[in-house]
Amino acid sequence: MEPKIDTEDIQGHVFPGFGTTHSVVIALQLQNSVEGRMVLASLVPEITTMSDSLGKKDARREAAIRGLPRPAQQTVSLALAIGATALRSWGHDTRGFDLSFHEGMSKDAASLGDPVGDDFVPLEWTFAKGEEDRADLLLIAGHSDPAGLEQAVERWLQMLEPHWKPVLIEFGRRRDGDKEFFGFQDGVSQPAMRGVTAEGEYLSRRTIAADDPRAELFAKPGQLLIWPGSFLFGYSSQTTLPTQAGATVTPPAPWMKNGSYLVFRRLLQNVTAFREAIAATEEFLTAQGEQLPEGWLAARLVGRWPDGTPLTASPDKADADISKNPLRINNFRFFASLSPTPLAETGEPPQSIPEVPPDPLGLVCPRVSHIRQVNPRDGISEIGQENHPGKLMLRRGLAFGPEEEEDPDAERGLMFLSYQTSIVNQFKFVQTNWANATQRPTGDGLDPIIGQDGKQDTKRSLRLFAPSGRQRQCPFNGRFVVATGGGYFVSPGIAGLKYLLGIDNPGD
Ligand code: HEM
């Protein structure tokens with residue numbers, strides 16, 4: 001039995017996310033504990049619940065099916081998350097919380113691979129480095145209309161200042177084809193959360209024919225069903241037996257039931273340096289006698305073509321039949337072969353999803369590629385494939401900054417946001433034990449997109465199978481993704497927030 005999910009209490013940014021065209025992330029520092037808590041309480045009625053977000057997502061899906069434009073939102077979607085220092089100033093002991101959350105991200109910077117000085121202060125951070133510009137509160141908002149979003153931001157700041165001081169206001173927007181600035185569709189592979197709504201419907205739509213054993217494991221083909229305790233406190237955990245509910249994940253405090261941890265990293269993307277590194281590596285491979293088709297190397301670094309087509313499903317070119325079909329875009333594994341997947345009866349073709357060959361050695365999708373390092377799926381790693389699902393997180397990345405044509409020198413990049421119930425075992429594990437490690441999960445080099453080793457002038461190399469079929473060790477020099485600040489936060493449910501902020505319990 002899958003648990004009933006409290007869709008009225010959980011914040012809608014945790015699941016299913018906002019999916020709006022325009023967005024903003026505002027980080028604020030608490031200036032005055034008592035007044036800060038009081039004014040924050042007035043924002044709670046505006047927070048978007050999971051049930052609101054599910055409704056908006058359904059409306060977008062309906063419109064897409066009918067070939068209509070994305071529907072305009074009537075209201076701004078809002079999420080709110082709080083840092084450890086603010087909690088402590090309100091009298092809460094954070095020692096029983098996730099250790100990374102308790103200590104704060106700037107203390108974690110060195111272990112995340114960000115270059116730090118002798119005093120361990122992150123050298124490249126432009127906010128949230130220390131006491132003066134620490135981020136104690138994160139507001140994340142989305143809307144279909146940029147002017148409406150700006151007005152809301154102005155109004156919220158008026159409500160919160162001077163008791164909260166903004167340390168970062170970053171607007172973002174959905175780029176064409178949902179592409180991040182290196183030019184690849186992002187936000188494609190997401191775990192599907194198990195559980196049912198109050199109406200008894202599955203939270204994540206099931207699409208595989210019920211008599212196929214994969215229907216128990218996947219929502220859409222290739223999209224793993226994960227027990228909600230991986231993302232939300234108070235629900236059954238994911239164990240190595242994927243179909244069985246594990247023990248309830250205990251909240252670190254009673255008010256964190258229906259809550260989650262939020263990781264935020266503002267990641268600059270140096271698009272020119274990325275292109276130059278690719279060109280230099282292509283030159284190196286060509287000098288070895290390799291014939292490189294256009295875009296071959298860049299796709300190998302990510303593991304997908306720019307439109308999201310997985311290399312394993314289409315090694316030689318992007319294929320819109322795959323990338324435009326949500327039932328095919330994630331349908332691949334690395335180790336075991338996938339026979340055709342029969343679909344649940346909808347009365348409409350197709351009735352099944354074609355077979356995708358495995359690629360255990362990384363002949364097609366290099367083992368060093370970003371998607372393989374951060375999610376080895378059923379492939380090999382030092383922790384064993386049965387433990388991989390437990391590392392998944394809900395990613396909510398937002399692109400920020402102008403297009404290159406508008407302003408080539410401006411900062412641009414990705415506001416990385418992820419929800420999980422363990423920062424240490426999910427986000428931090430993936431960044432430090434896999435992306436930043438040359439020997440794990442498989443030993444072919446650092447993750448070429450996000451891997452870092454604490455050095456500013458990284459000389460790197462990676463190993464992959466070239467078009468000739470030969471394995472080549474290639475130089476791949478430079479740093480293209482630079483963290484400029486961030487923080488760890490809690491995203492409580494609405495009841496938890498009301499408790500924390502003294503709503504409905506004024507004597508508290
Ligand atoms: C600027 C930085 C980053 C860029 C440009 C980037 C880009 C991408 C792209 C293009 C994909 C493939 C499409 C998709 O499945 O969404 C992807 C997937 C993914 N990324 Fe990143 N990413 C970045 C940062 C990160 C960070 C910091 C993490 C975690 C530590 C991360 C974890 C993941 C995961 C878990 C997936 C899904 C892999 C799968 O399940 O197949 N990414 N990223």
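Residues are numbered from 1 along each chain as its sequence is written. In this predicted model, local features need pLDDT of at least 70 and side-chain atom pairs count only at pLDDT 80 or more, while totals for chains, interfaces and linings use all residues.

Me: What radius of gyration does the chain of 508 residues have?
Reply: The radius is taken over C-alpha atoms, and the globule rule is 2.2 Å times the number of residues to the power 0.38. For 508 residues, a compact globule would be near 23 Å, with which the value for the chain agrees. That value is 22 Å.

Me: Which helix supplies the largest share of the shell around the ligand?
Reply: Helices are DSSP runs (H or I, at least four residues) and strands are runs of E (at least two), numbered from the N terminus. Strand 7 (260-269), helix 10 (370-374), strand 12 (413-420) and helix 11 (427-435) each supply at least two residues of the shell. The largest share, four residues, comes from helix 11.

Me: Is Asn258 buried or exposed?
Reply: Asn258 is found in the loop between strand 6 (225-226) and strand 7, and has a positive phi of about 70° although it is not a glycine. A residue is buried if 20 or more other C-beta atoms, placed from the backbone, lie within 10 Å of its own, exposed if 12 or fewer, and partly exposed in between. With 26 such atoms within 10 Å, Asn258 is buried.
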